[in-house]
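Open the structure in your viewer and keep the sequence panel beside it. This tour goes stop by stop, with something to select at each one.

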Amino acid sequence: MSANPLSIEQYIQAVAPALLQDPSLDVFIEMAKERTDRACYGVRYNHAVALMAAHIAFLLGSGTLGAGSGNAE
């Protein structure tokens, strides 16, 4: 693993690039940080926060993530 982990934004670029344009991105990241334990994730903390932020944005219906609605239409 790299000595310099990717930033939260770099991970978001990889997993949910449209989220970078969302005006609520900072709120989603802050909510994710509040729910993610740095001691538990260690060097993978930024990755965990990015995934949690994308998950929160999806659950709150951000609408820009390109993911399905979960309604199996």
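Select Thr36 to begin. Is this residue buried or exposed? Thr36 has 9% relative accessibility. The cut-off for buried is under 20%, so Thr36 counts as buried. Keep in mind that this is a predicted model.

Now look at where Thr36 sits. It is found in the loop between helix H2 (25-34) and helix H3 (38-41). Next, show the contacts of Thr36 beyond four places in sequence. They are Tyr41, Tyr45, Ala48, Val49 and Met52.

**Along H2**

Move to helix H2. Which of its residues are buried? Pick out Leu25, Phe28, Ile29 and Ala32. Turn the view to look down the helix axis. The buried residues of H2 fall within an arc of 100°, so they line one face of the helix.

Then go back to the buried residues of H2 and ask what they pack against. The partners are H1 and H4.

**The core**

Select Ile8, Ile12, Leu19, Phe28, Ile29, Val49 and Ala53. The largest nonpolar core has 16 residues, and these seven touch the most other members. Colour the helices next. Helix H1 (8-15), H2 and helix H4 (45-59) each supply at least two residues of the core. Which helix gives the largest share? That is H4, with seven residues.

Stay with Ile8 for a moment. Beyond four places in sequence, Ile8 is in contact with Ile29, Lys33, Asn46, Val49 and Ala50. Val49 is also among the contacts of Thr36, where the tour began.

**The whole chain**

Zoom out. The protein has four helices and zero strands. Read along the sequence, the pattern is α-α-α-α. Of the 73 residues, 29% are buried. The accessible surface comes to about 4900 Å², and carbon and sulfur atoms hold 52% of that. Among contacts between residues at least 6 apart in sequence, 52% join residues at least 24 apart.

Finish by colouring by pLDDT. The mean is 86, and 79% of residues reach 70 or more.

Methods:
Residues numbered from 1 in each chain as written. Predicted model: local features only at pLDDT ≥ 70, side-chain atom pairs only at ≥ 80, totals over all residues. Heavy atoms only, no water. Buried < 20%, exposed > 50% of the residue type's maximum accessible area, 1.4 Å probe, protein only. Contact = heavy atoms within 4.5 Å. Core = buried A, V, L, I, M, F, W, Y, C linked by side-chain atoms within 4.5 Å. Areas by Shrake-Rupley, 256 points an atom, 1.4 Å probe, with all protein chains shown as cover. pLDDT = per-residue confidence, 0-100. Arc of directions from axis to C-beta.
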